[in-house]
Amino acid sequence: MSTLVQVSQVSKSFLDNPVIKGVSFSVEEGEIICILGESGSGKSTLLRMIGGLEDADEGSIVVEEEEITGPAHNLVPGFDFINFVSQSFRLEPFRTVWDNISSVISYLPDQERETKVNDLLVLCKLTDKSKAYPRELSGGQQQRVAIAMALADDPFLLLMDEPFSNLDVNMKTQIREEIVEILRKAEVTVILVSHDPIDAMSIADRVIILESGQISQIDTPQVLYENPSSPYAAKFLGPMNYLKVGKETLGIRPEKLRITPNGQFAGTVIKSIFMGMHYHVSVDCAASDRVILLYSSCSYPIGDSIQFEHV
Ligand SMILES: Nc1ncnc2c1ncn2[C@@H]1O[C@H](COP(=O)(O)OP(=O)(O)OP(=O)(O)O)[C@@H](O)[C@H]1O
């Protein structure tokens, strides 16, 4: 694998408001990277700079050995080898699926274009929908057309801003799996912005946690989940408890705490909610200044005293 994207010491302010502050990272060819962060942390601005839609004030962005610059330097912002997939899909409503995809590569000779569109329909499992109009498609199918269009002119890099946010919650898991399968088969490099930890864990090879315009942590989802470097990084991949043990405060995920009669920690149940797989039991505990979350196979009455341990 070789480096496709190199972001070096990039900063950006809007008026006097610094939004991105000295951000550096690299992306390997074929990698899928997810940028997570609070609203306003600068995720979209960073993505737009990588795509050449926004100028950086300082630093450099290089994609496939080409320096990426924004609208101040390019009459038509953006680069041929970088494509965006937006949350609104941007399909042409009066064109069929076939024509939507074909329109992206209208410059190709007929035969070549037909082969390419057919290949993309197979890749994106849309062959039986080629004559359908966007309004006749489900959200997931529209999403796959948008991906097929974004892949049509063989970009090196795909940028996706909250690609799943407009999809039905019940369908999201399946759609996400289909999209990952397509992206992996296409072997395209992807940088994706999301606020959903499941996107990060199920899709990304590595995750960037962005905090007020700076990288708080960058690592695989597993390392980030098990060894977050700060409470800010920890909260993006799931709930975290903070418990005092001696002079130290440990961050412990709920599944690493077990309710047991002689556990080292004691607390009082303040809430017990059935969540399907297990109950979420909230506990007030002297060893923490925050409410502790425990997972349990049974419910506990409010006010019950329980003990639990770190496993
Ligand atoms: N064109 C602009 N002009 C002025 N300020 C801007 C502009 N674009 C973004 N900002 C500001 O920059 C900050 C970061 O915005 P950005 O959209 O990058 O954050 P984000 O992390 O993507 O947020 P969200 O998750 O809510 O989309 C915000 O305070 C925003 O108001």
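## Two domains

The C-alpha centres of domain 1 and domain 2 sit 39 Å apart. This is a predicted model, and its chain is split into domain 1, covering 3-232, and domain 2, covering 241-310.

UniProt has something to say here too: its unreviewed entry lists residues 5-237 as "domain: ABC transporter". Taking that span on its own, 35% is helix and 27% is strand, and its end C-alpha atoms lie 25 Å apart.

## Around the ligand

Now for the ligand. Its shell takes in Phe 14, Val 19 and Gly 37, then Ser 39, Gly 40, Ser 41, Gly 42, Lys 43, Ser 44 and Thr 45, plus His 195. Sorted by class, that makes 8 polar residues, 2 nonpolar and 1 charged.

Which helix gives the most to this shell? That would be helix 1, residues 43-50, which puts in 3 residues.

Strand 11 (residues 241-245) pairs with strand 12 (residues 248-252) in the antiparallel sense, with 5 bridges between the two. Val 245 of strand 11 stands opposite Glu 248 in strand 12.

The two strands make a hairpin, with 2 residues between them. What is the phi of Gly 246, in the turn? For Gly 246 phi is positive, at about 65°.

Methods. Residues numbered from 1 in each chain as written. Predicted model: local features only at pLDDT ≥ 70, side-chain atom pairs only at ≥ 80, totals over all residues. Pairing = 2+ DSSP bridges. Helix = DSSP H or I, 4+ residues; strand = E, 2+ residues; numbered from the N terminus. Domains from an automatic or database assignment. Near = placed C-beta within 6 Å. Nonpolar A, V, L, I, M, F, W, Y, C, P; charged D, E, K, R; others polar. UniProt positions renumbered as here; feature names shortened; annotations may be inferred.
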